[in-house]
Amino acid sequence: MKKSAKLQTILLFMIMGILLFAITVVSVLVNRVATAEIIAQVSEMRQDVLNQVSKGVDGLMQEVERISDFYYDNVTKIEGIDAWKELEHKARARFNVLDIDYKITVTFKTGQTYVNGIQSGERIYEKLNKKIWFSRLMGNNEKIIWYTDWSETKEKIAKIGAARGIYNQTTGEMSGILMIEMDHRLFLKQYSSLLDRNSIYIIDQNGTIISDPDENRIGLLYYNMNKFNEIFRASDNKVIKKSGIEYLYSKCDIANKNWIVIEEIPLHELSQPLIRINQMILVIGVAVLLGGSVITVAASHSLTKPISDVCKKLDVIGQDGLARSERIRLSYRSWKEIRIIVEKFNAMMDRIDNMIINMSKITREKLKTEMSFLQMQIQPHFMYNTLFSVKCMIAMGETDKANKMMGAFLTLIRNILNTPNEMVTIDHEIYIINEFIAIEKFRYGDTFDVVLECPESLKNYKILSLILQPIVENSVIHGVAEMRKGGKIRLKIYEKEDVLQVEIWNNGKPMTPEQIASSFRRSQNGGIGLYNVERRIKLNFGDKYGIKIIAGELEGTTVTVTMPIIK
């Protein structure tokens with residue numbers, strides 16, 4: 001029952017996984033859709049609220065600007081202290097219905113200063129020179145600028161002011177400043193009743209906070225306005241992550257004042273309605289999982305019980321494996337489908353037994369045939385190259401040289417034919433290579449030298465016949481043949497970690513990666529390459545052995561052959 005339980009468990013987990021995945025996907029989609037809908041609705045609602053705040057602040061600013069205009073129109077006409085008091089009285093009488101508590105200060109370069117119509121002995125103009133906002137007045141041509149500052153009282157109350165320059169009509173120079181200042185809480189009243197778990201504040205065109213419930217933030221440069229405008233672009237609402245928490249940001253421009261009202265609402269405050277939806281999804285999901293598990297257990301049990309009975313038989317019979325294939329047979333009687341499985345299995349095992357015997361025989365014969373073919377392929381290739389060279393020498397009239405080369409070639413062929421065995425000694429292979437080099441010297445002259453390094457202790461070791469000659473031939477043709485002089489080929493045979501290694505190095509032009517790759521592919525144009533050498537080694541000794549090619553950066557290529565040690 002162990003395997004039946006395992007299959008039943010897999011089916012259970014598969015179906016439960018599918019159901020859980022489906023419930024998760026539905027839950028995520030519902031949450032996303034609901035969250036998006038809530039954000040859209042709240043954004044629209046809050047935008048209306050901010051519009052009302054904007055209108056209230058704009059109205060307050062307009063009234064302050066009207067007071068400033070009234071003073072400015074009369075300030076140049078006043079003569080005497082009583083006239084200042086009368087102007088103050090008129091202004092208070094005219095604008096007292098606004099319920100605005102403000103302080104009006106008029107100060108001149110000459111040192112004269114009037115605060116709410118009363119002359120002050122303090123030279124305020126000189127102090128204002130040091131204010132950051134003072135530079136904005138210069139050249140502003142009587143226009144009103146808005147700023148934030150702090151009162152000089154012990155309480156240090158934040159205040160908001162509207163200032164404008166007083167200009168000499170004759171010289172055009174600024175001769176004084178008209179300021180109207182009020183407690184920042186006057187602006188705070190416009191939106192304080194809307195504060196709950198949200199934040200509302202006002203910034204100017206530079207990103208400086210003008211009004212905020214937290215007085216400590218007033219006057220701070222809170223935003224980089226380039227980045228601010230890039231984030232919002234044409235939208236008035238954005239979800240922005242701040243300190244790892246997502247907020248719904250809403251903004252509303254105050255018309256013609258370059259001020260912006262901003263509201264921040266933590267997104268989790270908006271998702272409270274989703275809690276009930278998530279609870280419903282959870283209850284439904286648990287019910288579906290429980291129901292699905294009951295149905296799955298019942299269905300999988302009826303499906304896997306017959307298979308479990310067959311598997312128990314296979315466990316008992318299959319412990320011997322294919323070593324005794326005649327015993328791997330089933331004898332099981334049950335309903336029709338199981339009987340068909342048993343009959344087909346027994347018939348299949350009969351065919352497998354026959355196929356194993358035949359394939360083993362065919363594989364041995366094929367391996368022997370392929371090894372013989374690969375070895376024979378080398379001889380015609382080498383013969384063709386040599387006879388072609390002799391033909392060329394005769395055509396050029398070098399008959400003596402062709403005669404000597406033909407004699408060396410016949411000596412070499414006689415030695416090869418007298419050694420029909422697959423395995424030869426290293427000493428015999430070196431002899432074949434020396435004869436081959438002598439023939440190549442006829443073709444290329446003294447343009448290259450060959451150095452053979454092999455300890456005496458290794459010369460009686462056995463290697464595959466003609467396994468090294470094609471590599472040396474490649475080193476000549478593709479390595480040093482193009483060199484007019486100074487060509488070198490070194491063949492070094494040694495033992496390393498119980499493996500026989502042969503290194504064939506030449507100092508010719510290094511092989512390219514494409515040439516190295518093509519060397520291990522079966523040639524399509526009759527060439528031998530290194531494919532058959534690699535193939536013969538692996539067919540005889542296994543994939544652990546073979547050929548490795550390393551090309552130098554500027555010159556030279558090294559071919560390393562690894563074979564087992566056979567004494």
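# Hairpin, helix and open sheet: a quick briefing

Strand 9 and strand 10 make a hairpin with two residues between them, and Ser243 in that turn has a positive phi of about 55°. This is a predicted model, so read what follows as a description of the prediction. The protein has 14 helices and 18 strands, and 40% of its 567 residues count as buried. Among contacts with a separation of 6 or more, 60% come from residues 24 or more positions apart.

**The hairpin and its lysine**

- Strand 9 (residues 237-242) and strand 10 (residues 245-254) run antiparallel, with six bridges joining them.
- Lys242 has Ile245 of strand 10 standing opposite.
- Lys242 also lies over the face of Tyr247, 4.9 Å from the ring centre.

**Aromatic pairs**

- Searching the whole structure turns up 14 aromatic pairs.
- Take Tyr201 and Tyr222: their ring centres are 5.8 Å apart and their planes sit at 80°, so this pair is edge-to-face.
- That pair links distant parts of the chain, 21 residues apart: Tyr201 belongs to strand 7 (residues 199-203), while Tyr222 is in the loop between strand 8 (209-211) and helix 6 (225-232).
- Tyr223 and Phe228 are another edge-to-face pair, because their planes are at 65°, with centres 5.0 Å apart.
- Both Tyr223 and Phe228 are buried.
- Put together, Tyr201, Tyr222, Tyr223, Phe228 and Phe232 form one aromatic cluster.

- Helix 11 (residues 426-444) has 19 residues, which at 1.5 Å a residue should span 27 Å; the end C-alpha atoms are 26 Å apart, so the two agree.
- Buried residues in helix 11 include Ile426, Ile430, Ile433, Ile437 and Glu440.
- Glu429, Ile432, Glu435, Phe436 and Ile439 of helix 11 are buried too.
- As background, an α-helix has 3.6 residues a turn, so residues three or four places apart point the same way.
- Lys441 has its charged end over the ring of Phe448, 4.7 Å from the ring's centre.

- Five strands make an open sheet in the order 13-15-16-18-17, with mixed pairing.
- Strand 13 (448-453) and strand 17 (546-551) are the edges, each pairing on one side only.
- From one strand to the next, the twist averages 15°.
- Strand 13 pairs with strand 15 (residues 487-496) in the parallel sense, over six bridges.
- Within that pairing, Val450 has Ile489 of strand 15 as its bridge partner.
- For context, strands of a sheet pair through backbone hydrogen bonds, either parallel or antiparallel.

**Helices on the sheet**

- Helix 12 (residues 469-480) lies across strand 13, strand 15, strand 16 (499-506), strand 17 and strand 18 (557-564).
- The direction of helix 12 is at about 150° to strand 15.
- Helix 14 (residues 531-541) packs on the sheet as well, touching strand 17 and strand 18.
- Helix 14 makes an angle of about 145° with the direction of strand 17.

**Two loop residues with positive phi**

- Arg233 has a phi near 50°, which is positive in a residue other than glycine.
- Look for Arg233 in the loop between helix 6 and strand 9.
- Arg233 is exposed, with a relative accessible area of 67%.
- Asp498 likewise is a residue other than glycine with a positive phi, near 60°.
- Asp498 sits in the loop between strand 15 and strand 16.
- Asp498 counts as exposed because its relative accessibility is 68%, and over 50% is the mark for exposed.

Note on methods: Residues numbered from 1 in each chain as written. Predicted model: local features only at pLDDT ≥ 70, side-chain atom pairs only at ≥ 80, totals over all residues. Heavy atoms only, no water. Phe/Tyr/Trp six-rings, centres within 6.5 Å; stacked < 30°, edge-to-face > 60°. Helix = DSSP H or I, 4+ residues; strand = E, 2+ residues; numbered from the N terminus. Buried < 20%, exposed > 50% of the residue type's maximum accessible area, 1.4 Å probe, protein only. Lys NZ or Arg CZ within 6 Å of the ring centre and 35° of its normal. Pairing = 2+ DSSP bridges. Expected span 1.5 Å × (residues − 1). Axes fitted to C-alpha atoms, helices over the stretch in contact; angles between N-to-C directions. Contact = heavy atoms within 4.5 Å.
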